[in-house]
Amino acid sequence: MKIINSIMHMQALAIAPEREGRRIAFVPTMGFLHEGHASLLREGRKRGDVLVLSIFVNPIQFGQNEDLDRYPRNMEGDCKIAEACGVDIVFVPTAAEMYPQGFQTGVTVRDIALPLCGASRPGHFDGVATVVAKLFNIVRPDVAFFGCKDYQQLAVIRRMAADLNMPVEIVGMPIVREADGLAMSSRNAYLSPSERQSALCLVRAIKRARELFAGGERSIAVLTRETRAVIEQEPSATIDYVEMRDGVLLQDQEVADSDTLLALAVKIGQTRLIDNTVLGEEL
Ligand code: AMP
């Protein structure tokens, strides 16, 4: 397994497989890898000849008062997981090389990036789209893997790749959860043991919505109210948003159907967690 820091070196390495018709599979991450990331890597291993993992905590997708400085890092642990998943190349650029002095170009995806996390984290998806576009130009993947855990991010990247004719297949992968249902996230490392328990309110809320939907409830107003009520019972939880929208364009809906997305962002103490479910899909 090669560990590459330089953009030029990574680009040079990507050219040979391209010429030889070997497929590059790519999994972009911010590191502190867990089973969620590993599931993407394993699928990448199956679907590509060369598997590239990137680890880059992208400063431009963090807001001013967000957790950029304390975002968890563990290069040694990440390399062990990467190796076990059959990664060929780990690309770990520095922020200074990704955003040198004078950098001034950005990618903006419009409507689909506006609600949900786009509303509570202004500029976040510009940062995500810009870095993913750059990474695609550096790694030149044939296929790239993203988790449905970040549902809106996946939608934004699909839109960007289609709109800008990027020659890459975007694959969405299911949410990997802990045994008790909590969606795996690098940010779970911030939670104290009692907050870890409190965080289960997200799972309870999702289950409640799914139960009501399975029982025939279709009113988004009722479903949203009941879902919020579950989270409001948890004293250390503060709702950022609890919303139901159509799962394709992320537009407002009044009547739920099996493609309806329930998306949650909830602060447990200081830690902001997100989770989601599509009401008609299996958990
Ligand atoms: P991150 O390192 O948090 O930026 O995540 C890198 C990639 O892993 C993104 O495509 C995420 O959606 C995906 N990912 C993170 N957590 C999970 C999870 N629990 N299940 C599936 N994919 C995940």
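The model is predicted, so local features need pLDDT of at least 70 and side-chain atom pairs count only at pLDDT 80 or more, whereas totals for chains, interfaces and linings use all residues. Residues are numbered from 1 along each chain as its sequence is written, and side-chain values use heavy atoms, with hydrogens and water left out.

**Salt bridges**

Side chains of opposite charge can pair when their charged atoms come close. A salt bridge here is a side-chain nitrogen of Lys or Arg within 4 Å of a carboxyl oxygen of Asp or Glu; by this rule there are 20 salt bridges.

Select arginine 140 and glutamate 18: their closest N and O atoms are 2.9 Å apart in a salt bridge. Arginine 140 lies in the loop between α6 (124-139) and β5 (143-147) and glutamate 18 in helix α1 (residues 7-20), so this pair ties together parts that are 122 residues apart in sequence. Helices (H or I, at least four residues) and strands (E, at least two) are DSSP runs, numbered from the N terminus. Arginine 140 is partly exposed at 35% relative accessibility, and glutamate 18 is partly exposed at 42%. Buried means under 20% relative accessible area, exposed over 50%, and partly exposed in between (1.4 Å probe, protein chains only).

Next, select arginine 42 and glutamate 35, a salt bridge with closest N and O atoms 3.1 Å apart. Arginine 42 is partly exposed at 39%, as is glutamate 35 at 37%.

Then display Arg23, Glu43, Lys46, Arg47 and Glu169, which a network of salt bridges links.

Continue to arginine 204 and glutamate 234, whose salt bridge has its closest N and O atoms 3.7 Å apart. Arginine 204 belongs to helix α9 (residues 200-214) and glutamate 234 to the loop between α10 (220-232) and β7 (237-246), 30 residues apart. Arginine 204 is partly exposed at 42%, whereas glutamate 234 is buried at 14%.

**The α9 and α10 pair**

Now select α9 and α10, which pack at an angle of about 150° with their axes 8 Å apart. Axes are lines fitted to C-alpha atoms, for helices over the stretch in contact, and angles run from 0 to 180 degrees between N-to-C directions. The two helices are therefore roughly antiparallel (over 145 degrees).

Finally, show the contact residues (heavy atoms within 4.5 Å). Those of α9 include Arg204, Arg208, Leu212 and Phe213, and those of α10 include Leu223, Glu226 and Ile231.

Notes: Angles under 35 degrees count as roughly parallel, over 145 as roughly antiparallel, 65 to 115 as roughly perpendicular and the rest as oblique.
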